Amino acid sequence: MLRKSLFTKILAASFFIFQLQPSPAEQEQEEPFYPVIEELKSSNFLFDQYQQDVQNSNRSYFKGQEPEIFFYKYEAKAEDSFISIASRCSIRQDTLATINSISESKMPVAGKTILLPSSDGLYIPHKPVNSFEVLLANENAGFITESTLTVSYGGRDFYFLPQKKFSSSLRAYFLNPGMSMPLEKSILTSSYGMRVSPVSGKWKMHKGIDLAAARGSKILACREGFVKQAIKGNPVYGNYVIVRHPNGMESLYAHMDLINVAKDQKVVTGQTLGTVGMTGLTTGPHLHFEITQNGSSLNPENYLKK
């Protein structure tokens, strides 16, 4: 059954947007023209065409074929949200977010021109500009080869990885962007990663960051959640608190002097959990701060709002 008229075929051919890495001369040319969808309604011809392209792309991947990929534009209305646009267009949130440089699901989009790809996948920026894009690029670096297609939009270049999805960590970050600093004033004295332990002198993994601060300084919850543990007298961490956050994330606060919260207590972002001390194995007053995602250690510096 023929699904496209001759006019539609000509229109679709005109909007094919996949480009190999452009030459310097090509980079100076204006961005290709993309059709503008006025309303996300089935009565709109271009929106109907876009939905057909999305369906055709999904069918092609299901059959193991490489689909044609097209772009359309849509200017978000006052009543639109990022999630509602993705749902209405039947395109994955991670696809829509990465090509439009949207780093958090609750980012306002009213008045913003949204690029609508017809095929799902991740768009990895050649030059990341924020913490979210750095995480996105680092996690997917191993999937990028010399043959990976590059798409240019909005003055930026993106590698396109067909059918790739956010990892659980990226999705958690996207849904709950950033964490507040656990101290109002501090100095980073030890980063995340392998280091020589200042206590034992041995080379070992440091699964958090150390933030030096005056003894008695308030330690603040980096995000809302529930207190999973409030422990006193641990031989390594001393007095410490673990807060359980949404989407499998947890934060740990160690070497505390006083603990001001109890197990199972609900806490909000910025609430005082206790004070800086030097309990447990420590050479001076500081906060040892860790973040985990479903039990896996993460670098807190990638998640904290500077």
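## Close-up views of a predicted model

View 1. Glu301 sits in the segment after β18 (296-298). Helices (H or I, at least four residues) and strands (E, at least two) are DSSP runs, numbered from the N terminus. This is a predicted model: local features need pLDDT of at least 70, side-chain atom pairs count only at pLDDT 80 or more, and totals for chains, interfaces and linings use all residues. Residues are numbered from 1 along each chain as its sequence is written, and side-chain values use heavy atoms, with hydrogens and water left out. Glu301 counts as partly exposed because its relative accessibility is 26%. Buried means under 20% relative accessible area, exposed over 50%, partly exposed in between (1.4 Å probe, protein chains only). The side chains of Glu301 and Ser191 make a polar contact of 3.4 Å. Such a contact is a pair of N or O atoms within 3.5 Å; within protein, one must be able to donate a hydrogen and the other to accept it, and residues adjacent in sequence count only if both atoms are side-chain atoms. Ile209 is 92 residues from Glu301 along the chain, yet their C-alpha atoms are separated by 7.9 Å.

**View 2. His255 in its strand.** His255 belongs to strand β14 (residues 249-259). At 5% relative accessibility, His255 is therefore classed as buried. Beyond its neighbours within four places in sequence, His255 has contacts that include Val236, Tyr237, Asn239, Leu281, His286 and His288. Contact means heavy atoms within 4.5 Å.

**View 3. The open sheet β1-β2-β3.** Three strands form this open sheet, in that order, with mixed pairing. Two strands pair if DSSP finds at least two bridges between them. The edge strands, each pairing on one side only, are β1 (36-37) and β3 (113-117). β1 runs parallel to strand β2 (residues 71-75), with two bridges in the pairing. Ile37 has Tyr74 of β2 as its bridge partner.

**View 4. The whole protein.** The protein has seven helices and 18 strands. Of its 306 residues, 45% are buried. Among contacts with a separation of 6 or more, 66% join residues 24 or more positions apart.
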